[in-house]
Amino acid sequence: MNSNVENLPPQVLRLVYKEVTALAADPPEGIKIYPSEEDITELHTAIEGPEGTPFAGGIFRMRLVLGKDFPAAPPKGYFLTKIFHPNVGHKGEICVNVLKRDWRAELGLRHVLLTIKCLLIHPNPESALNEEAGRLLLEDYAEYASRARLLTEIHAMGGPGGTSGGPPEPGEGPQPKKHAGDPNKRAVVVTTAPAGANGNVVNNSSSSSSSSGNSNSSNVAVKKKTDKKRALRRL
């Protein structure tokens, strides 16, 4: 859905920003708020499944979208986490009176969020978007609760394939290895001289110096002998 930031008057945007900031600082109990810095007209939330319901233990992601006529027209609500509920359609759309005929501009977003959370406690089968869920709620509550609980466990409890929770918190997810890329922690390469036949390390530098010294001594001795022979011949 496209952003409506450019379609809303500046005074409305200021009011929305003020309310969203207050919600993020002091959210309703059991609801987390994830404001978007890029689009203030779309508010992402995470609602805890109320205790005593088939949704208990689940975290249900939901978003509110403010249209170009807000606040004269109500926002639209969508569950992003799959849920088996009479008042939630197959595409996540939410049917509740506060988002329709009961909407008034002075109600505010906090009231909307609390009403949607209450909808998890008290479904309304009379305005069902999910007809099967509405029928089971009226005719076979045990089966309704079983179906709702199953989808909660699959999609809202953080298991494989689940979509519970909101945007990842800092520190979550795979972390880089310690010292990776740290120039102060780079590996030091140590070179070792080859071992001799007896297992002792041979100092090539010392051996080379010794060989060089012996060679020079031999050259001096030969030169002395040659000079001595030349001197004897002259006599």
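Predicted model: local features only at pLDDT ≥ 70, side-chain atom pairs only at ≥ 80, totals over all residues.
Residues are numbered from 1 along each chain as its sequence is written, and side-chain values use heavy atoms, with hydrogens and water left out.

**Helix α4**

- Helices (H or I, at least four residues) and strands (E, at least two) are DSSP runs numbered from the N terminus, and α4 takes in the 15 residues 141-155.
- Because the expected span is 1.5 Å times one less than the number of residues, α4 should span 21 Å, which agrees with the 21 Å between its end C-alpha atoms.
- Tyr144, Ala145, Ala148, Leu151 and Thr152 are the buried residues of α4; they lie on the same side of the helix because they cover an arc of only 135 degrees around the axis, taken from the directions from the helix axis to the C-beta atoms.

**Cysteines**

- Cys95 is listed by UniProt, in an unreviewed entry, for "active site", an annotation that may be inferred rather than shown by experiment.
- Cys95 is found in the loop between β4 (76-79) and α2 (108-121), and it counts as buried because its relative accessibility is 7%.
- Leaving aside residues up to four places away in sequence, Cys95 touches Asn87, Lys100, Leu119, Ser127 and Leu129.
- Cys118, at 43% relative accessibility, counts as partly exposed, a class that lies between buried and exposed (over 50%).
- Zero disulfides, defined as pairs of cysteine sulfur atoms within 2.5 Å, are found in a search of the whole structure.

Methods:
Buried < 20%, exposed > 50% of the residue type's maximum accessible area, 1.4 Å probe, protein only. Contact = heavy atoms within 4.5 Å.
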